[in-house]
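Subject: Structure handover

Hello,

Here is the structure I promised to pass on. Please open it first, then read my notes below.

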Amino acid sequence: MNRVLMKGNEAIAKAAIISGCRYFFGYPITPQNEIPEYMAREMHKVGGVFLQSESEIAAINMVYGASGSGGRVMTSSSSPGIALKQEGISYIASAELPCVIVNMMRSGPGLGGIQPSQADYFQVTRGGGNGDYRVISYAPASVQESVELVNRAFRVSEKYRIPAMIAGDGMIGQMMEPVDFSGIEELDRVERPWAATGTDSHPGRNVISTLMLEPSSLESHNVKLKAKHDLIESEEAMYETYNMDGAEVVLVAYGTTSRIVKNTISALESHGVKAGLIRPITLWPFPKQAFSKIPSGCKLVMSVEMSMGQMIDDVEIALGGRFISAFYGKAGGVVPTPSDIVDAVISNLEVI
Amino acid sequence: MAFIFKRTAGLTEKPTHYCPGCSHGIVHRLVAESLEELGLLGRTVGVASVGCSVFSYEYFNCDMHQAPHGRAPAVATGIKRVLPHNTVFTYQGDGDLASIGTAEIVHAAHRGEKITTIFINNANYGMTGGQMAPTTLPHQKTTTCPLGRDPESTGMPLRVSEMISTIDGAAFVERVSVDSPSAVRNAKSAILKAFRCQIEGKGFSMVEVLSSCPTNLNLKPSEAMRWVRENMVPYYPLGNFRSPKGGE
Ligand SMILES: Cc1ncc(C[n+]2csc(CCOP(=O)(O)OP(=O)(O)O)c2C)c(N)n1
Ligand code: SF4
């Protein structure tokens, strides 16, 4: 294993280039600036294009055009910037174009702060754009996993022709960890017979459009997208479980928070509480399957988030009322500590 | 028998949905003829914007990409960066380009993006029912300035060609009209020059076309053309604002 010490954001940018990404459009926002900066330094060395756009709105529309004309393309931003990109993401999803969008989440709402947060859970799983569409969202918990998920995001987005998002919290982008790129491969060129590249290069005329004024044709399009979303839900959900055998408390957490929760589990043991973890790796599709692994004797399922309670909605849908649920969260860029979580578990168990 | 007039290969056979007397039809034909004459149809990607011309992707006989409202220059930028050897053009109305999309057009010009923009200035938002545009003339009545545009509260009409021509990356900027046969010939020649400018890699090129919207002006087609000539041309002077050095 050949490991290098790297900052999460830079590792993500490097993984994208290794995966074969050759177009990057972005606009600066903390805490993800190392991604465009890395692209500015490295993209031209592989014959690719880095362009700093005038806004996030322009960046995502450049992605839209680049993907529609056959390019393997990425953009990155952080929460308020992703909010601006939502218009374009809706268009890209409707036009069924592949691309990768990195969101290094910071705290909000509004301009908020620049500290790590998971308060974009709704934004990355429900989207802020209009209409019935979905975006695959991956939530890495380490720098190593970030690079693997970037590679996967390109592959899955091209397979299904759907935008894929890396939903990292600012901590993942800013932390340095050893990372091994040996498993990251350049992806095979997927044929793009639909791309608008000029009629000399394909039979007939290719048109990328999202306008369907005729209600029945738009409905068929929505039904087709729904079938794709159903397929992705059954094929692409990813999760990790930890220490679940005989767990009387199951904690649900993703990204940085899941690592803190893992540290909590041994602390809970010393209080005589046997706890396990479900860690969603895909936020959409939400890994409902994982919840069937909860032992029948479980007394409490608690969602732990760096938000005021967003993933808890999906947790409760997945539980379907079978277990008692609770939420513990920190917001504004405050990161929960293991002892905060232990206290929350104990006080919840006391009132059950 | 010699052909003196025929259908251009630059347009599909689909009948357009434009109102009778609307300039969009004339300008489509000029753009299509230009692409055909320059032999570019097979390697052109056009970008359709939001407005009455949103369906232009069904009419131009080349690959097309539809863009969100105002964002056509950004979409075109993405396309041109992937396909630097293709011809890329945007076709945008004045609501699209001069209002919601001012940032995108200014910055595409600023980067000297090697694309061509065909800018239809008809002094209103046609598709949504004739509301005020940034280009609406002072005291012109529209559905959102029913008493006439009041420059005191809504500003004076935006002169886009003048504005864009101050930007270094803009290589070719010309304002034309299509209100008479000779104006149409001038418009065609400007569109040809704009595309040539792109092929020669000189930078951003734009042709602003003063156009009629008889439906929302509530005028007969011929009266709407006269309205353009008598009311728009004095405020929006025709002519070339920028040409590549040493070129046309
Ligand atoms: C984000 C967004 N805002 C508003 C609209 C509604 N809309 C559709 S066409 C249009 C005006 C277009 O006017 P213009 O660009 O002047 O073109 P014309 O119809 O006059 O040819 C507007 C506001 C939209 N589709 N998207
Ligand atoms: S509303 Fe105006 S711009 Fe739209 S098609 Fe009719 S005449 Fe043309």
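Start at the ligand. An oxygen atom of ligand 1 sits 2.8 Å from a polar backbone atom of B:Gly95. This is a polar contact (a pair of N or O atoms within 3.5 Å; within protein, one must be able to donate a hydrogen and the other to accept it, and residues adjacent in sequence count only if both atoms are side-chain atoms). B:Met127 has a backbone N or O atom 2.8 Å from an oxygen atom of ligand 1. For B:Asn124, a polar backbone atom is 3.1 Å from an oxygen atom of the ligand. On its own, ligand 1 has 590 Å² of accessible area, and the protein covers 75% of it. Accessible areas come from the Shrake-Rupley method with a 1.4 Å probe; for residues, only the protein chains shown count as cover.

Some ground rules. This is a predicted model, where local features need pLDDT of at least 70 and side-chain atom pairs count only at pLDDT 80 or more, while totals for chains, interfaces and linings use all residues. Residues are numbered from 1 along each chain as its sequence is written, chains are lettered from A and ligands numbered from 1 in the order in which they are written, and side-chain values use heavy atoms, with hydrogens and water left out.

How many residues surround ligand 1? There are 16, and the closest are B:Cys52, B:Asp94, B:Gly95, B:Asp96 and B:Gly126. A residue counts as near if one of its heavy atoms lies within 4 Å. The shell has five nonpolar, nine polar and two charged residues. Here Ala, Val, Leu, Ile, Met, Phe, Trp, Tyr, Cys and Pro count as nonpolar, Asp, Glu, Lys and Arg as charged, and the others, Gly among them, as polar. Helix α4 (residues 94–100) of chain B gives the most to this shell, with four residues. Helices (H or I, at least four residues) and strands (E, at least two) are DSSP runs, numbered from the N terminus.

Next, the salt bridges. Side chains of opposite charge can pair when their charged atoms come close. A salt bridge is a side-chain nitrogen of Lys or Arg within 4 Å of a carboxyl oxygen of Asp or Glu. The whole structure has 32 of them over all chains.

Look at A:Glu34 and A:Lys7. They form a salt bridge, with the closest N and O atoms 2.9 Å apart. A:Glu34 is in helix α2 (residues 34–42) and A:Lys7 in strand β1 (residues 3–7) of chain A, 27 residues apart. Buried or exposed? A:Glu34 is buried, at 14% relative accessible area, while A:Lys7 is partly exposed, at 22%. Buried means under 20% relative accessible area, exposed over 50%, and partly exposed in between (1.4 Å probe, protein chains only).

A:Glu10 and A:Arg41 also meet in a salt bridge, 3.1 Å from N to O. A:Glu10 lies in helix α1 (residues 8–19) and A:Arg41 in helix α2 of chain A, so the pair ties together parts 31 residues apart in sequence.

Chain B has a pair to check too. B:Asp179 and B:Arg229 form a salt bridge, their closest N and O atoms being 2.7 Å apart. B:Asp179 is in the loop between β5 (170–177) and α8 (181–199), and B:Arg229 is in helix α10 (residues 221–235), 50 residues away. B:Asp179 is buried, at 13% relative accessible area. B:Arg229 is partly exposed, at 38%.

Best wishes
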